[in-house]
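Q: I'd like to learn how to read strands and helices in a model like this one. Can you walk me through it?

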Amino acid sequence: MRFQRILKLAAMTLLGFSAAVATAGAEPLAKQLFGAKTLPAATRPAVHGFYSKGCFAGGVAIAPDGPNWQAMRLSRNRRWGHPALISMLERLSREAAQDGWRGLLVGDISQPRGGPMLTGHASHQIGLDADIWFTEMPAKRMSVADRERISAISMLKKGSLYVDDKKWTPAHEAVLHRAASYPEVERILVHPGIKKKLCDTVRGNRSWLSKIRPFWGHHYHFHVRIGCPAGSPGCKSQNPPPRSEGCDDTLAWWFTEEPWKPAKGPAKPKARDVMTMAALPSACRVVLEAPNPVSEAAVTVAGRGGVPQAATADLPALGYQAVSPASVLSAMPPAQVPRPTNRPGFE
Ligand SMILES: [Zn+2]
């Protein structure tokens, strides 16, 4: 116990030191504080704030390997989400396999306690967003090194806004259809070329197309977002997408020059690069200070059945654990998908 306390003190000193160095006396940035957390807040699951401005407690991790998934880029430590999201991913992986998609390659979800990230992503802050590669998982289990190295494959014809029919298969449609069929899934972001492909080819029930939202990037992976879960009064909902299929003028706009013109004027700093704790819901300070769970394993979902008991167990039973010095502040590999500079609004 005493040893643990010493470890914890040492770790806190290290973290404090890194934060001070990084900001040279200024108020620390929220992305540094949240980016330094290696484990979730071991309290009841709760979401605070919005997809692009918030945090969450009671997070669970999706295991690096499950029966029907493999998680990628393990060094980023972004396998964390609200239990409702991780359960949805587990179910999607299982049901997609029945549809003929061997399994999911899981990209970024959230940091252990959410919040803004050191690199990439405006959203993914409240444990309700997940990126899934447009490549089904291989039959063999990839090594940790391969999961860092192997790139996703773009679904587009090189240099165009349109899907490459040599890469697109009925299984791609099926996995998107399956995800969109879940009531908790509110939006799935894909490249406009992929939305157009679905508009042109989906037969039968097309109502699920309303959840498929065209957006920049998202031709290597799709982005699944669930709505605010029960028990999170502090979670700010996003307006639901229009109920129409969205195969209309709003899609045609993406195939004009306007969305692809470079932004005018000097580049504005990204919100995540200036956000301090003052910009986030005040509950996020409590999330940041909350104790760790006893171990990562205790809060990792490894297979069928959803969420481990420990995620919702009584806190004293979990006990405190020493914070290990954060390696997260060191350089991380850049995100694969280029981010547009001229995105209006938010999806
Ligand atoms: Zn995403």
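Q: What joins β1 to β2?
A: A hairpin does, running through two residues. Helices (H or I, at least four residues) and strands (E, at least two) are DSSP runs, numbered from the N terminus. Bear in mind that this is a predicted model: local features need pLDDT of at least 70, side-chain atom pairs count only at pLDDT 80 or more, and totals for chains, interfaces and linings use all residues. Residue numbers start from 1 along each chain as its sequence is written.

Q: In which sense do β1 and β2 pair?
A: Two strands pair if DSSP finds at least two bridges between them. Here β1 (residues 46-50) and β2 pair in the antiparallel sense, over five bridges. Phe50 stands opposite Lys53 in β2.

Q: Which way do the residues of β2 point?
A: In a regular strand the side chains alternate between the two faces of the sheet. In β2, Lys53, Cys55 and Ala57 point one way, while Gly54 and Phe56 point the other.

Q: How many residues of β2 (residues 53-57) are buried?
A: A residue is buried if 20 or more other C-beta atoms, placed from the backbone, lie within 10 Å of its own. By that count, five of the five residues in β2 are buried. Across the 347 residues of the chain, 40% count as buried.

Q: And helix α5 (residues 170-180): which residues are buried there?
A: His172, Val175, Leu176, His177 and Ala179. They pack against α3 (83-98), β9 (185-190), β10 (212-214) and β11 (221-226).

Technical notes: A residue is buried if 20 or more other C-beta atoms lie within 10 Å of its own, exposed if 12 or fewer, and partly exposed in between; C-beta atoms are placed from the backbone. Two residues are in contact if their C-beta atoms, placed from the backbone, lie within 7 Å.
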